Amino acid sequence: MGVTLAERSRHAVWHPCTQMKGLDQAPPRAIVRGEGPWLIDEQGHRILDAVSSWWVNLFGHGFAPIREAIIDQLGQLDHIMLAGLTHAPVVELSERLGALTGLGHAFYASDGASATEIALKMSAHSWRNRGRPGKHRFIGLQGGYHGETVGALSVTDIPLFREAYAPLLRLSATLPSPDPRHAAPGVSVEAHTTACVQALADHLAEHHESTAALILEPLVQGAAGMGMYAPAYLSAARALCDHHQVHLICDEIAVGFGRTGTMFAHQQARGADGQPIRPDFICLSKGLTGGVLPLSAVLTTDEVYAAFWDDRTTHGFLHSHSYTGNPLACRAALAVLDTFERDDVLARNRATAARLSALAAPLTRHPRVSSHRQIGMIWAWDIDTTDPTFAARFHRTALDMGLLLRPIGNSLYFMPPYVLTEADMQHLVDGAVRTLEQVLAHEAVSSSARAERLA
Ligand SMILES: Cc1ncc(COP(=O)(O)O)c(C=O)c1O
C-alpha cells in the first residue's frame, strides 16, 4: 500500500492546536468527502461531524444552496480588493446583516480572531478620535475566548495560551465569569450572577476612564467547555457599560446564526425597556458562510462610525485585509441568510433540539456526568474524571465509533449541524454513550486522585 494521506499530512502539515509529536500514535484522519453532517475518510468510514467542524458548519457539508451560490458567483467575479472598489454581494450582505442586528457599517475580514482585533482597535480608536485617548484598555471574562492572534489573545483567558505568550501580550482585566459552574459551594445561580455583576460594577467604577470596551461571548463561553450563563448578566453588563461610557463588544463568532435558539445570542437579553439589548459591536464569523468559506464581519453603531467621519486620514479606521469582503464568501453568506428565511431554521431547530435532548437522556443520567446544560443547538456535560488524557482518548475512541467529538478538558459537548435526522441523532447518542463507557473503563487515574474521589 502507498503512503496514506494521513502519513503525508503528518510530515508536510503543521496541524493547529496539536502537539505534533502525538500524531506518531494518533495520525490525523484524512477526510475525502463530506455529505450533510457526515464526513467520509480515505478508508470509506463514515464519521458524524457532531461539532460542526469547530462550530462553523450549519447546514452540513456540500449544502446545495451554498455550493450553487458560490459557483454562480465564480462565473461573474471571484475576488477584488475592497479599497476603492465594491461589488453587489458585499453591499447586499452588509444591508441584510444591518437589518438583522440593528447595527451597521459592516467591516470585513476572514476569520474570527481578526474580527476581534477589528472590534478592539475600532473601539479604542473611536474614543481617541472623540478626545478620550486614555480609554484604551479592555475587560474580558474569566474563561473567555476571542481568538489567538496577539491582540485577541490579550482578551482571551485560556491559561495555557496566556502563559506561553504572556511576554507578547498586553493583558486585559479578567473579571469573574457568570458561568454557574464557578459558583462557590452553596451559592445559587442567581447569587453567583449578582456577584459577577457586582464585580463588573466595581471594576468599571474604578477604571472606566481607562477602559474602552468589555468583550464577551454572549450566553455561551465555548472554549471554557460550553459554559452557559443567564441573559440577566448581559442585561446588567449593557446597563453598566452605558452608565460608564464603555463599549460592549458581543463576540457572536461561535453563537451567532441560530446556535442558541435566536438568530444572535445577545438578543435573548432585555434592557429596561423590554427590548433586546444592543451591543456597540458585534463580531461574526464561523456560521456566517455556513462553514464553507472564511469570512468575518464586525458591525457597529452610528455613534462609533461618526467618530471616524473626518477629513484627517489619521481619524479614519486604519485596518485592512487582502480578502476583505471576498465576493464568493459574501455569496455563501447570502445563501445562509436565504436559508434561514426560506426554511424557518430557528423553528426547525427547536424541534431538533427537543428531540435530541430527549434522546440524550442516557448521557444526562449517567452516574459519572454532572452539570448537564443545553441551549438551542448546544449540549454539554461535565464528566467526573481526573484523567488528563480523557479528552484526547475520547476524541480517538469516538472517531472509531464514527463520531467527531472533541471534549474540552472534561466537558463533553455536542454542537452539530442543524440538519440531523432521527437516525443521525440516535447514532450520535449511542456512540457518545458507548465511547464514554469505553474511555472510563480505561481511565488513567493517579492513585491519589482515585483516593480523593472515593473519599
Ligand atoms: C467566541 C470565539 N471568538 C473568536 C474565535 C476565533 O475565531 P477564528 O478561529 O476564526 O480565529 C472563536 C473560535 O473558536 C470563538 O469561538
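In what sense, right-handed or left-handed, does α14 pass α15? The model behind the answer is a predicted one, in which local features need pLDDT of at least 70, side-chain atom pairs count only at pLDDT 80 or more, and totals for chains, interfaces and linings use all residues. Residues are numbered from 1 along each chain as its sequence is written.

The crossing turns out to be right-handed, the term for a near helix turned clockwise from the far one, with left-handed for one turned anticlockwise by less than a right angle. Helices here are DSSP runs of H or I with at least four residues, strands are runs of E with at least two, and both are numbered from the N terminus. Helix α14 covers residues 390–400 and helix α15 residues 422–441; their axes come within 9 Å and cross at roughly 130°. That angle makes α14 oblique to α15. (Under 35 degrees counts as roughly parallel, over 145 as roughly antiparallel, 65 to 115 as roughly perpendicular, and the rest as oblique; axes are lines fitted to C-alpha atoms, for helices over the stretch in contact, and angles run from 0 to 180 degrees between N-to-C directions.) On the α14 side the contact uses Phe390, Arg393, Phe394, Thr397 and Ala398, and on the α15 side Gly431, Thr435, Gln438 and Val439, contact being C-beta atoms, placed from the backbone, within 7 Å. By class, that gives four nonpolar, four polar and one charged. Nonpolar here takes in Ala, Val, Leu, Ile, Met, Phe, Trp, Tyr, Cys and Pro, charged takes in Asp, Glu, Lys and Arg, and the others, Gly among them, go down as polar.

Now for another helix pair. Helix α4 (residues 88–101) and helix α11 (residues 327–343) have axes that come within 9 Å, crossing at roughly 40°, and are therefore oblique to each other. This crossing is left-handed. Pro89, Val90, Glu92, Leu93 and Arg96 of α4 meet Pro327, Cys330, Arg331, Ala333, Leu334 and Leu337 of α11, a set with eight nonpolar, no polar and three charged residues.

On to the strands, which pair if DSSP finds at least two bridges between them. Seven of them build an open sheet with mixed pairing, in the order β4-β12-β11-β10-β7-β5-β6. At the edges sit β4 (104–109) and β6 (173–175), each pairing on one side only. From one strand to the next, the twist averages 20°. β4 runs antiparallel to β12 (residues 296–300), joined by four bridges, and Phe107 stands opposite Val298 in β12.

Helix α5 lies across β4, β5 (137–141), β7 (211–216), β10 (247–251), β11 (281–284) and β12, at about 25° to β12. This helix, residues 112–129, also gives the most to the shell around the ligand, with three residues. In total, 13 residues surround the ligand, and the closest are Asp111, Gly112, Ala113, Gly147 and Ala254; a residue counts as near if its C-beta atom, placed from the backbone, lies within 6 Å. The shell has four nonpolar, six polar and three charged residues.

Elsewhere, β2 (residues 38–41) pairs with β3 (residues 46–49) in the antiparallel sense over three bridges, with Arg46 in β3 as the bridge partner of Ile40. The two strands form a hairpin with four residues between them, and Gly44 in the turn has a positive phi of about 90°. β3 also pairs with β15 (residues 403–404), this time in the parallel sense over two bridges, and Leu48 has Leu403 in β15 as its bridge partner.

Technical notes. Contact = placed C-beta atoms within 7 Å.
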